[in-house]
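Work through the exercises below with the sequence and the coordinates at hand. Each task is followed by a solution in steps.

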Amino acid sequence: MWDPVVRLFHWTLALGCIANLTVLRELKSVHRYVGYAILAAVAVRLVWGFVGAQHARFSDFTPTPRRLSGYLLALARGREPRYVGHNPAGALMMLALIALVSACGVTGWMMGLDAFWGLRWVETLHEALANTILVMAILHVLAALIESWRHRENLVLAMVTGLKRAPRGNDVCHAPAVD
């Protein structure tokens, strides 16, 4: 279900962000190269979002406002369907994290340029983006654990193996971006 490119992207992003937010925070040159590796992973994922496998494509999971609100209402009632790919809330989180990581990477790159060297607002923005990524990642992990429990499916293991339970009943296997 989750193809190798999606899984490699996910774990590269997760481990790279964890490393840069913790042990590599003060090791500037290593921090910088990990940041570049993360940006490269984002670039590959963006391309893969158009040419990759079905559930990797943005057209498979990018939610419309109507689909997102419908899903959130069903979630609030405890009646959300199980998705084989990204559910609308998970898709929104993924897109938000990609945008935040990209912006964080760009501001990190800017800090090394002569034009932005020493400008406090660039460093402040970079740190704010990194802290927002941390909060969003924690929410992402909590949501994955809750969804794993609610749908009786280990989503963390699925992101390692690439395998999820086949669709059945009211499960959603394909959610095109347009209504």
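Ring pairs link Phe 50, Phe 58 and Phe 61 into a cluster. The model is predicted: local features need pLDDT of at least 70, side-chain atom pairs count only at pLDDT 80 or more, and totals for chains, interfaces and linings use all residues. Residues are numbered from 1 along each chain as its sequence is written, and side-chain values use heavy atoms, with hydrogens and water left out.

**Exercise 1. Aromatic pairs**

Task: count the aromatic pairs, then classify the pair of Tyr 33 and Tyr 36 and the pair of Phe 50 and Phe 58.

Solution. 

Step 1. A pair of aromatic rings is described by the distance of the centres and the angle of the planes. Rings of Phe, Tyr and Trp (its six-membered ring) pair if their centres lie within 6.5 Å; planes under 30 degrees apart count as stacked, over 60 as edge-to-face and the rest as tilted.

Step 2. By this rule there are five aromatic pairs. One of them joins Tyr 33 and Tyr 36, with 6.1 Å from centre to centre and 75° between the planes, an edge-to-face pair.

Step 3. Tyr 33 and Tyr 36 are three residues apart in helix α2 (residues 28-51), so about one helical turn separates them. Helices are DSSP runs (H or I, at least four residues), numbered from the N terminus.

Step 4. Tyr 33 is exposed at 57%, and Tyr 36 is partly exposed at 36%.

Step 5. For Phe 50 and Phe 58, the ring centres are 5.3 Å apart and the planes stand at 75°, so this pair is edge-to-face. Phe 50 is exposed, with a relative accessible area of 59%, whereas Phe 58 is buried at 10%.

**Exercise 2. Helix α1**

Solution. 

Step 1. The expected span of a helix is 1.5 Å times one less than its number of residues.

Step 2. The N-terminal end of α1 is capped by Asp 3, which has a side-chain oxygen 2.9 Å from the backbone nitrogen of Val 5.

Step 3. The buried residues of α1 include Val 6, Phe 9, Leu 13 and Cys 17, and also Arg 7 and Asn 20. Contact means heavy atoms within 4.5 Å.

**Exercise 3. Helix α6 and its surroundings**

Task: describe the span of α6, the contacts that Thr 107 makes and the residue that follows α6.

Solution. 

Step 1. α6 has 32 residues and reaches 46 Å from its first C-alpha to its last, close to the 46 Å expected.

Step 2. Thr 107 lies in helix α5 and is buried at 5% relative accessibility. Leaving aside residues up to four places away in sequence, Thr 107 touches Val 122, Leu 125, His 126 and Leu 129.

Step 3. The side chains of Thr 107 and His 126 make a polar contact at 2.9 Å. A polar contact is a pair of N or O atoms within 3.5 Å; within protein, one must be able to donate a hydrogen and the other to accept it, and residues adjacent in sequence count only if both atoms are side-chain atoms.

Step 4. Ala 137 has its place in helix α6 and is partly exposed at 29% relative accessibility. The C-alpha atoms of Ala 137 and Ala 14 are separated by 8.3 Å, although the two residues are 123 residues apart along the chain.

Step 5. α6 is followed by Arg 152, whose phi is positive, near 50°, although Arg 152 is not a glycine. Arg 152 lies in the loop between α6 and α7 and is exposed at 72% relative accessibility.

Key. Helices (H or I, at least four residues) and strands (E, at least two) are DSSP runs, numbered from the N terminus. Buried means under 20% relative accessible area, exposed over 50%, partly exposed in between (1.4 Å probe, protein chains only).
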